[in-house]
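Q: I'm new to this one and would like to learn how to read it. Could you walk me through a few features?

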Amino acid sequence: MSGNVRLLSDTLAAAKEEGRSALIAYLPAGFPTVDGGIEAVKAAIEGGADVVEVGLPHSDPVLDGPVIQTADDIALRGGVRIADVMRTVREAHAATGAPILVMTYWNPIDRYGVERFTAELAEAGAAGCILPDLPVQESALWREHAEKHGLATVFVVAPSSKDERLAEITAAGSGFVYAASLMGVTGTRASVSSQAEDLVRRTRATTDTPVCVGLGVSNPAQAAEVARFADGVIVGSAFVKRMLDAPDDAAGVEAVRALAGELAKGVRGQV
């Protein structure tokens, strides 16, 4: 069974042909429940997201700010397992046909087994995996299995990354490059970092792979701002916060759908 790396590339290319950035949503698996998380992913796509990153909840998420940490804690206390992450990917992709990636720290994959994880991810129909804490120089085993199973390997670059390091990271990755717009953890912010545009420019100098920007985008105006210079706009905490603030799970799913629609207008410059 081969994964859907081609679907991811085609989706990003189609957005570019439309003269816009892609909208990429992030939602953790198992939040507020496994079933509720699946419905939220489907709602994000139905609302206007082109791609969804499904987070594998972790007890010590070093990149994630307090909003996503809260959601991860709810999912973990609910007993979420890797099998539930795979089910989330499988059911959301089957229902929507959209590219779904998993975002995870390395330790759970290492414990689970790289071959087993990549095989199951491909079988679930995933497009790839985002690995924020896996150093490129230690990624050969992962990349070998990901490539074998038709999965993209998305690495994260930061404003602190030197040009030589950017070239090393982009040469090893596939699917897209995740450009963290600022140093620090995820979360909604009043404004998008001015470092983001410079990072995209420097990253593009090393690769033809699409460069997508995350960390800090929370509303249509910010999405429109980032869409001016990035191939994709990644939004996570704003979706999770809408769910946390909702009076019940059904309202949370509808809030995700509504925010996806607002942000979809943002990446199209319709704000």
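Q: Is Ala158 buried or exposed, and what decides that?
A: Buried means under 20% relative accessible area, exposed over 50%, and partly exposed in between (1.4 Å probe, protein chains only). Ala158 has 16% relative accessibility, so Ala158 counts as buried. This is a predicted model, where local features need pLDDT of at least 70, side-chain atom pairs count only at pLDDT 80 or more, and totals for chains, interfaces and linings use all residues. Residues are numbered from 1 along each chain as its sequence is written, and side-chain values use heavy atoms, with hydrogens and water left out.

Q: Where does Ala158 lie?
A: Helices (H or I, at least four residues) and strands (E, at least two) are DSSP runs, numbered from the N terminus. Ala158 sits in the loop between strand 6 (156-157) and helix 8 (163-172). Ser181 is 23 residues from Ala158 in sequence, with 6.8 Å from C-alpha to C-alpha.

Q: How many disulfides does the structure hold?
A: A disulfide is a pair of cysteine sulfur atoms within 2.5 Å. Here there are 0. For Cys129, the closest cysteine sulfur is in Cys212, and at 16 Å that's too far for a bond.

Q: Are those two cysteines buried or exposed?
A: Cys129 counts as buried, because its relative accessibility is 0%. Cys212 is buried too, at 0% relative accessibility.
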